[in-house]
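Please look over the sequence and the 3D structure shown here before reading the notes on helix packing, charge pairing and the chain interface that follow.

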2 protein chains.
Amino acid sequence: MQTFEKICNNFGVIKNHKTEMNSQRPVTIKDIAKKFKCSPSTVSRALNDHHLINEDTRKNIQEYAQKVGYQRNLVSLSLLNKKTASLGVIVPNISSYQESAMIDGLHSVLQPLGYTLNICVTNEQYILETEYVEKLLSNRVEGIFLSVSQETYDAGHYEHLENVIKRKVPLIFIDREYEGFETSRVTIDDYFGAFAAIEHLVLGGRKRIAHLKGPNGLTVSEQRFRGYIDCLKKYNLPIDEDLIINTNFRVESSIVPTTRLFDLPNPPDAIFGVNDQVAIGAMKVIRERGLQIPKDVAVIGFDNSPISPYIFPSLTSVARPGRRIGTEASRLFLNYLNASEDEFGVERIVLPSELIIRESSLNF
Amino acid sequence: MQTFEKICNNFGVIKNHKTEMNSQRPVTIKDIAKKFKCSPSTVSRALNDHHLINEDTRKNIQEYAQKVGYQRNLVSLSLLNKKTASLGVIVPNISSYQESAMIDGLHSVLQPLGYTLNICVTNEQYILETEYVEKLLSNRVEGIFLSVSQETYDAGHYEHLENVIKRKVPLIFIDREYEGFETSRVTIDDYFGAFAAIEHLVLGGRKRIAHLKGPNGLTVSEQRFRGYIDCLKKYNLPIDEDLIINTNFRVESSIVPTTRLFDLPNPPDAIFGVNDQVAIGAMKVIRERGLQIPKDVAVIGFDNSPISPYIFPSLTSVARPGRRIGTEASRLFLNYLNASEDEFGVERIVLPSELIIRESSLNF
């Protein structure tokens, strides 16, 4: 858990120190607004160094806030005021390291500022996504972070999202987005990570690179698959359909596909898994065939899950900055709050993925 | 995702088949109540085979429901009625396989019945637990599943929980509980699993068994630690403080402790990790020392995470039925709904943990 001061530093919020002027009740933004005969939102902007605020006003308010010991720590204030603000987080599932890292990133910034998070899991279903959006709105959340469910994406539904915008509730896509929909978002460049993984294998002299693909139609599977295909094309390597087999992301789902790959008359010399789980399953099959990793077969996963450096051999993987999705999305949300409607544009942040090379793909 | 029929079977709800009598609008419980001139709750009880319902009434209502094609699938009904019921789930974190399995268990039973889940993460903080409880109540959830945060537990606070009971909202502890507090719960016997793990090592001839312990004070750490200690005592093995070192559950937190263990003049011949992550970290250190697993050092983890059978060597671990906590807790909640206030007692379900023996602890 970060301290409030660290978060202030991260987000350009001024630090407020306790002074000797502490009274019984903590000073609120409203008290400061009364003193300056301005609106609480002006005070909030001044304290956040907002660029539209008059320089003198900013300085005066900040100095006064410091003098009276104004603390922006809403969690402790909330204990006295008995209220805090709620935010909604809608994700397709919470079973992987990715989602928990993302939610951890949101928590790390927003909880110390007094927000509580309402986490909703859609299991990739459009109908549940709609219901959760509706319930969050009726519970008056102050913002919604949404990772679009596959069903919603495939069906092209977005009326429920237009409803959020109409209600002037900030909506921010996290990780999974609707390309054409006008709202801010933070995503990761999976295509690039997959491309880099395959390029590393090709440059290491691997000729028959298999891909344990994710389920068809899922954006995340297709992006990684495109990176694989495009890189093979770049290096004029043939695309062999026998070397592309589907899995469902789970470790056990790669056993039969990998066995099939090594039953081929011309088996692969490298395997690119759609995630680390699938790559770990493949490694077991390879070992049981008496083949060596990476000498006979190189293996690369995706996600850079915490154990990937520790298993044997350590697993080359593509790191996705999941936690940073959460912190960047929080920043976008805070920007919304500090901007007036007409001045705030849609921001699109694409975070890079990064190939982390370990033993499983080296050439000895 | 289970089908509705499977869930009905699991929970003794009658199966309802579509018949030719389907009209435009799906038949609701209210329609059936009107037909029988009884209350909707009587219909609900009849459909749930409640023991307080008159046998003839039950039979008549069930037959009629089947005839008119009554479907208890509230999710699809909700699309027409534009409302579903909400439940709250409060957990200390969602970063481990355990929590996601538990939540998956709740989803699997409750979502098909028309419930949406509001998931709240306390990060082990009492103050956040209180806020979440309050918000859930003010959002009128129909029940709360709570895994008590460590801070709440340590401080002995439970006024916020009494408030839930006072409001007559069903409260069910999941995984972590307050022993003395009168409400239903589903927990896992961690002590037994730890004891079984150590016994397996002792009977395999291991004499110096180290424990990579979880953080002090956490119930889950202490239960596993007690199992370790009590089993050593049972077999009259000395308890050596040098062999007990703390970790923080993360894979990287076991590296320094394990290194220290193998720098001892008399290093261990077995390691019992507080979870699989910690055990996997220890395995890396053991390998790098040129020692063999399990020949020189046996290793056992805890949680039976999905990859534990696939890593090399495959990891012996204690399985905790996390998903079953969710399904059993759902059943307790549904029991609440079907019982009147005075007839329903507190139910305590303790699920067994189970040692799964794999390569890392065998004697060759």
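Is the crossing of α10(A) and α11(A) left-handed or right-handed? The crossing of these two helices is right-handed, where right-handed means that the near helix is turned clockwise from the far one by less than a right angle, and left-handed that it is turned anticlockwise. This is a predicted model, in which local features need pLDDT of at least 70 and side-chain atom pairs count only at pLDDT 80 or more, whereas totals for chains, interfaces and linings use all residues. Residues are numbered from 1 along each chain as its sequence is written, chains are lettered from A in the order in which they are written, and side-chain values use heavy atoms, with hydrogens and water left out.

**Helix pair in chain A**

- The axes of helix α10 (residues 190–203) of chain A and helix α11 (residues 219–234) of chain A come within 7 Å and cross at roughly 40°, which makes α10(A) oblique to α11(A) (angles under 35 degrees count as roughly parallel, over 145 as roughly antiparallel, 65 to 115 as roughly perpendicular and the rest as oblique).
- The contact (heavy atoms within 4.5 Å) involves residues including A:Tyr191, A:Phe195 and A:Ile198 of α10(A), and A:Val220, A:Tyr228 and A:Leu232 of α11(A).
- By class, this contact of α10(A) with α11(A) has eight nonpolar, two polar and six charged residues.

**Salt bridges**

- Over all chains the structure holds 34 salt bridges, each being a side-chain nitrogen of Lys or Arg within 4 Å of a carboxyl oxygen of Asp or Glu.
- One of them joins A:Lys234 to A:Glu199, with the closest N and O atoms 3.0 Å apart.
- Because A:Lys234 lies in helix α11 of chain A and A:Glu199 in helix α10 of chain A, the pair ties together parts that are 35 residues apart in sequence.

**Helix pair in chain B**

- In chain B, the axes of helix α12 (residues 255–263) and helix α13 (residues 276–288) come within 9 Å and cross at roughly 45°, and α12(B) and α13(B) are therefore oblique to each other.
- The crossing in which α12(B) passes α13(B) is right-handed.
- B:Ile255, B:Thr258, B:Thr259 and B:Phe262 in α12(B) meet B:Gly281, B:Ala282, B:Val285 and B:Ile286 in α13(B), and the residues of this contact divide into five nonpolar, three polar and no charged.

**Interface of chains A and B**

- Chain A and chain B each bring 43 residues to the contact.
- The area buried between chain A and chain B (accessible area, 1.4 Å probe, lost on putting the two together and summed over both) is about 3,900 Å², of which carbon and sulfur atoms give 57%.
- In chain A, A:Ile94, A:Lys135 and A:Tyr310 lose the most area to chain B, together 17% of what that side buries.
- Between chain A and chain B the count of salt bridges is zero.

Methods: Axes are lines fitted to C-alpha atoms, for helices over the stretch in contact, and angles run from 0 to 180 degrees between N-to-C directions. Helices (H or I, at least four residues) and strands (E, at least two) are DSSP runs, numbered from the N terminus. Ala, Val, Leu, Ile, Met, Phe, Trp, Tyr, Cys and Pro count as nonpolar, Asp, Glu, Lys and Arg as charged, and the others, Gly among them, as polar.
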